[in-house]
Amino acid sequence: MIEVLVVMIVLVIGIFSIIRLFPGGFLALQRTEEQSMASQLAKLYIERMKGDPESIPFAIYPVQYKDVNGNLLLVVDPDRRPDDMGYYEEPSGIIYPQYTSNINHFRRVIGETVRIPAPLPYQGSFQGDVKMYGGHYLLKFAPILFDDRVFTVYGSNLPGSTVVKDAPTDEVCFPFGRGGQNTFYLDTNLGAIWLPTIPFRPLQFRINLSYWVSDNAGLVRRDIVDLVVQTDDTLITSDPGCYKGIDLKPLLIANGEQFQGIIWESVQVARVFKRLKLSDDWTDDAYEFKLLDDRVGHVIFNPKGYGYKERRNRQEIPLRANFDYDVLNWHILNDERRVGENSLPAVKLSLNRIKHIGDFNQDQSKYKGIDMPFNGEDTDMAIIDVATGGTVFNPAKPNPASYVVDYTTGNVKFGAEVHIRTINSDGSYGELVFTPQGRTMRFLYEGTDDWGVQVQKASHQYQMTLALSAGGKLGISTYYVGLSGQTPQGLPTRIYFPPCDIGKTVTVRQYSFINSGGRSDIAYNETFLINAPRAGDAVNLGYVDIRESPTSAGAQGFDFAANIAPVLAVEGTSVKVRVVWAPTHRERSDQERKDSYPNVRFVPDWKKIDFDTNLTKVTVP
């Protein structure tokens with residue numbers, strides 16, 4: 001009996017020891033599966049950008065939405081770090097707090113570009129509808145937040161010059177000819193701009209600029225994107241080639257601030273495309289578009305835009321449309337797949353376990369869908385046919401379903417035919433029926449565990465500044481060379497960048513330095529990762545240190561005695577895709593709920609993986 005009991009005890013101990021291994025093994029398998037899905041999602045986004053390098057944005061910024069004298073002003077927030085996953089309540093009222101929190105801090109796409117496509121008949125319109133004939137384009141990072149105040153379409157930047165005037169009402173005479181009519185003039189101290197004007201045709205211009213104001217904190221830099229101003233006949237003086245200027249200060253300066261001047265190097269001006277209604281006829285103006293779907297950014301351009309040339313600096317360039325817009329929510333995933341050639345094809349999405357309407361979220365609220373209706377009803381899965389821009393839908397019975405979703409495995413099975421809903425110029429809806437084989441589809445959905453994919457893009461180009469703002473801050477798309485300017489700061493071998501660029505990669509095309517032997521030297525095309533600030537440096541900014549490069553490992557500092565600036569041509573070369581998910585949530589403390597967004601009780605415990613690659617925007621001549 002005793003021997004049997006001893007054997008049983010030994011077996012029980014052994015069995016329990018083996019059982020204890022299973023939870024860890026299951027957890028390891030789950031983590032492996034999560035990382036595999038994250039890798040697949042990131043690769044999908046990266047490959048899509050590689051396939052169309054001209055459409056890669058100039059930058060993706062964190063912005064705040066400010067009310068200045070009744071106007072909405074988009075102010076870039078260079079102090080927002082990419083790793084900031086907190087909540088932020090937007091006072092403007094046009095943005096829900098959850099859409100400006102965690103990975104949605106960085107959501108302002110700047111300069112997604114497309115050369116005006118060749119015009120084609122819109123497949124969803126009735127035959128012969130010339131109002132729907134034009135060049136079609138779908139934005140890359142849909143769904144978008146559509147609001148006329150934050151959605152801007154514009155051409156290439158105009159060349160400009162500075163002037164000195166006594167008042168904005170003074171006139172500036174533009175040079176005669178087409179080249180002169182594609183120029184702007186700016187008085188940086190006065191804060192006024194003179195823009196080309198066409199009689200009997202109001203024009204709008206998109207302006208990006210940075211300027212100095214003084215307030216209680218001292219001298220502060222403001223970075224503004226997508227300020228839209230209009231010119232009309234009231235600006236034309238007695239001489240048809242001369243115009244009055246526009247005072248920008250009322251659009252920029254809030255109460256309690258004093259205007260101190262515009263930073264000339266930051267100014268960008270481009271003509272805005274005019275948005276027409278679907279029922280409007282195209283005119284002779286190449287700068288026109290219609291918005292077929294304001295959720296996925298389906299745009300159609302005036303046929304006259306195809307082949308049209310813009311005059312820039314004594315040369316003509318093809319007309320391109322640049323888009324500035326806000327991504328609605330990076331947690332709405334954007335899978336793009338080509339449907340196979342099987343008789344009843346199926347598509348496997350990047351994720352398993354897709355959110356289904358009526359399911360409970362981890363904070364115990366019920367999931368209501370992807371926050372944007374399709375085909376007149378809430379949905380947890382929207383499928384966009386890329387060729388037509390129309391939405392795939394399931395018709396009423398007894399017609400067979402276009403598709404069926406397996407929410408557990410992430411499989412979408414198509415029927416023999418798919419029904420696609422389109423829109424006509426008179427506002428009525430049309431229906432197309434296709435076989436699904438070989439068509440490219442975009443799938444918009446959300447994943448259980450709050451999956452999200454965020455794209456971070458370093459600024460296309462950076463400008464050097466010789467001084468930091470009050471509090472030791474830097475503006476957007478700028479850099480400061482350590483120990484430069486009239487009030488030198490920082491360490492002698494570092495180049496400083498704003499906090500929003502931490503973790504991004506930049507290429508310095510040329511810099512001059514003093515080597516270990518005390519002699520002047522030059523390095524070319526060196527690539528650096530922007531580091532987070534560290535102890536021992538009084539400047540609390542992101543930085544690169546030229547000693548991290550083998551070429552300048554022994555550098556003593558930058559060579560300020562060189563005939564050229566010590567640092568020339570800094571360009572952002574990285575595109576980072578961040579994938580996040582939250583297997584668990586935690587309850588916020590009373591203090592956390594008091595500090596921000598009090599109605600949120602549970603917050604995610606985020607896990608994240610970053611995939612970084614070097615991609616640069618390509619401009620095809």
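Colleague: Which residues are linked in a network of salt bridges?
Modeller: R107, R108, R206, D226, D324 and D326 are linked in that way. This is a predicted model, in which local features need pLDDT of at least 70 and side-chain atom pairs count only at pLDDT 80 or more, while totals for chains, interfaces and linings use all residues. Residues are numbered from 1 along each chain as its sequence is written, and side-chain values use heavy atoms, with hydrogens and water left out.

Colleague: How many salt bridges does the structure hold?
Modeller: The structure holds 34 salt bridges.

Colleague: What makes the contact of K140 and D52 a salt bridge?
Modeller: The term requires a side-chain nitrogen of Lys or Arg within 4 Å of a carboxyl oxygen of Asp or Glu. From N to O, K140 and D52 are 3.1 Å apart, so the pair qualifies. The two residues come from distant parts of the chain, 88 residues apart: K140 lies in the loop between β4 (135-138) and β5 (144-145), and D52 in the loop between α2 (21-50) and β1 (59-68). Those labels are DSSP runs numbered from the N terminus, helices being H or I with at least four residues and strands E with at least two.

Colleague: Is K140 buried or exposed, and how do you know?
Modeller: K140 has 13% relative accessibility. Buried means under 20% relative accessible area, exposed over 50%, and partly exposed in between (1.4 Å probe, protein chains only), so K140 counts as buried. D52, at 26%, counts as partly exposed.

Colleague: Which side chains meet R80 in a salt bridge?
Modeller: D77 does, at 3.5 Å from N to O, and D84 does, at 2.6 Å. R80 has a relative accessible area of 13% and is therefore buried. D77 is buried as well, whereas D84, with 26%, is partly exposed.

Colleague: Why are C173 and C242 called a disulfide?
Modeller: A disulfide is a pair of cysteine sulfur atoms within 2.5 Å. The sulfur atoms of C173 and C242 are 2.0 Å apart, so the pair meets the rule. This pair also links distant parts of the chain, 69 residues apart: C173 is in strand β8 (residues 171-173) and C242 in strand β13 (residues 242-244). By this rule the count comes to one disulfide.

Colleague: What makes this disulfide right-handed?
Modeller: The torsion about the S-S bond of C173 and C242 is about 100°, so the disulfide is right-handed.

Colleague: Are these cysteines buried or exposed?
Modeller: C173, at 45% relative accessibility, counts as partly exposed. C242, at 1%, counts as buried.
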